[in-house]
Amino acid sequence: MAILEVEHIQKSFGGTRVLEDISFSLEKGKTLSLIGSSGSGKTTLLRCLNFLETPDQGIIRVNGEVLFDGSQPLKQSASELRKKRLHFGLVFQSFNLFPQYTALGNVMLAGSLLAKERPDYKEHRREIQAELEATGRDLLAQMGLKEKVDNYPHQLSGGQCQRVAIARALALHPDILCFDEPTSALDPELTGEVLRVIRELAERETTMMIVTHEMVFARDVADTVIFMDDGKICEQGKPLDVFDHPKEERTKQFLARYREQR
């Protein structure tokens, strides 16, 4: 059974259609890469899945639960919206770390805020915070940042900041981990360390969606590749099929431009 089902998602900004009839599914433990030119709708799709944008139409299901149905009136409290967002962990291209918090503080922050909504928080505050800290330290160690837990973002390299952002997204145990161009803000020499971490997550069967311009990475790591153009899915399939035997002319043209730029 698919962990994520997306059916006929539409999204417009003003009179501009940004997403048109987007449908796909993602199995648990698999990695899906979204490729395509800038402006093709990839980031907007991730933002709709994370409820940072509201689709105009369509259906989004996670584990069989309908999180969004465009045919129904959308009435939800801030608390309900936060619960929906917990299904998705989003790693932004610009890190979005809070400069006033250490690496560990950034990883723990969302969990600490959510814990305060628990009815037993006051009674068990120390135990809850200790558990959050232990989880944060463990995740940072997995990211190769065991010695950097007390460093602030300005004391870290771009690659280290992005690994903190990955740990932060994982801290809430999302069903699906989403990456929006995770290496685009990095110098070339730092790109490899972040891609290496994502490869390790794929090997551990973390369910992921990755928007990327790293074509070799998408080909090697993804189980499924979706090529988007002009707000539409033009082609989707196994990486070798899409990259080596594309069926659609727009896919062929995009990959040809990529190869010319290498």
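Serine 40 sits in the loop that links strand 3 (31-35) to helix 1 (42-49), where helices (H or I, at least four residues) and strands (E, at least two) are DSSP runs numbered from the N terminus. The model is a predicted one, in which local features need pLDDT of at least 70 and side-chain atom pairs count only at pLDDT 80 or more, while totals for chains, interfaces and linings use all residues. Residues are numbered from 1 along each chain as its sequence is written, and side-chain values use heavy atoms, with hydrogens and water left out.

Serine 40 counts as buried because its relative accessibility is 2%; buried here means under 20% relative accessible area, exposed means over 50%, and partly exposed lies in between, with a 1.4 Å probe and protein chains only. Its side chain makes a polar contact of 3.2 Å with the side chain of lysine 42, a polar contact being a pair of N or O atoms within 3.5 Å, of which, within protein, one must be able to donate a hydrogen and the other to accept it, and for which residues adjacent in sequence count only if both atoms are side-chain atoms. When neighbours within four places in sequence are left aside, serine 40 is in contact (heavy atoms within 4.5 Å) with Val18, Met228, Asp229, Asp230, Gly231 and Lys232.

Although threonine 207 and lysine 28 are 179 residues apart in sequence, their C-alpha atoms are 5.6 Å apart in space. The side chain of threonine 207 also reaches the backbone nitrogen of glycine 29 at 2.7 Å. Setting aside neighbours within four places in sequence, the contacts of threonine 207 include Leu26, Glu27, Lys28, Gly29 and Lys30, and also Asp175, Ile176 and Leu177.

Helix 7 (residues 215-221) contains aspartate 220, which is partly exposed because its relative accessible area is 47%. Aspartate 220 and proline 239 are separated by 19 residues in sequence and by 7.7 Å in space, C-alpha to C-alpha. Aspartate 223, in the loop between helix 7 and strand 9 (224-229), is likewise partly exposed, with a relative accessibility of 34%. Once neighbours within four places in sequence are left aside, aspartate 223 is in contact with Lys30, Thr31, Gly237, Lys238 and Pro239. Its C-alpha atom is 31 Å from that of methionine 108, a residue 115 positions away along the chain.

Histidine 8, found in strand 1 (residues 2-13), has a positive phi of about 55 degrees although it is not a glycine, and at 47% relative accessibility histidine 8 counts as partly exposed. Phenylalanine 95, in the loop between strand 6 (88-91) and helix 3 (103-115), has a positive phi of about 70 degrees and is not a glycine either; at 16% relative accessibility, phenylalanine 95 counts as buried.

The chain as a whole can now be considered. The protein chain has nine helices and 10 strands, and its C-alpha trace spans about 60 × 50 × 35 Å along its principal axes. Its radius of gyration is 19 Å, which agrees with the value near 18 Å that a compact globule of 262 residues would have; this radius is taken over C-alpha atoms, and the globule rule is 2.2 Å times the number of residues to the power 0.38. Of the 262 residues in the protein chain, 49% are buried. Among contacts in the protein chain with a separation of 6 or more, 65% are between residues 24 or more positions apart.

The protein chain exposes about 13400 Å², of which carbon and sulfur atoms supply 46%; accessible areas come from the Shrake-Rupley method with a 1.4 Å probe, and for residues only the protein chains shown count as cover. The mean positions of its 34 positive and 39 negative charges are 3 Å apart, where Lys and Arg count as positive and Asp and Glu as negative, while His and the chain ends are not counted. The place of a charge is taken as NZ of Lys, CZ of Arg, CG of Asp or CD of Glu.
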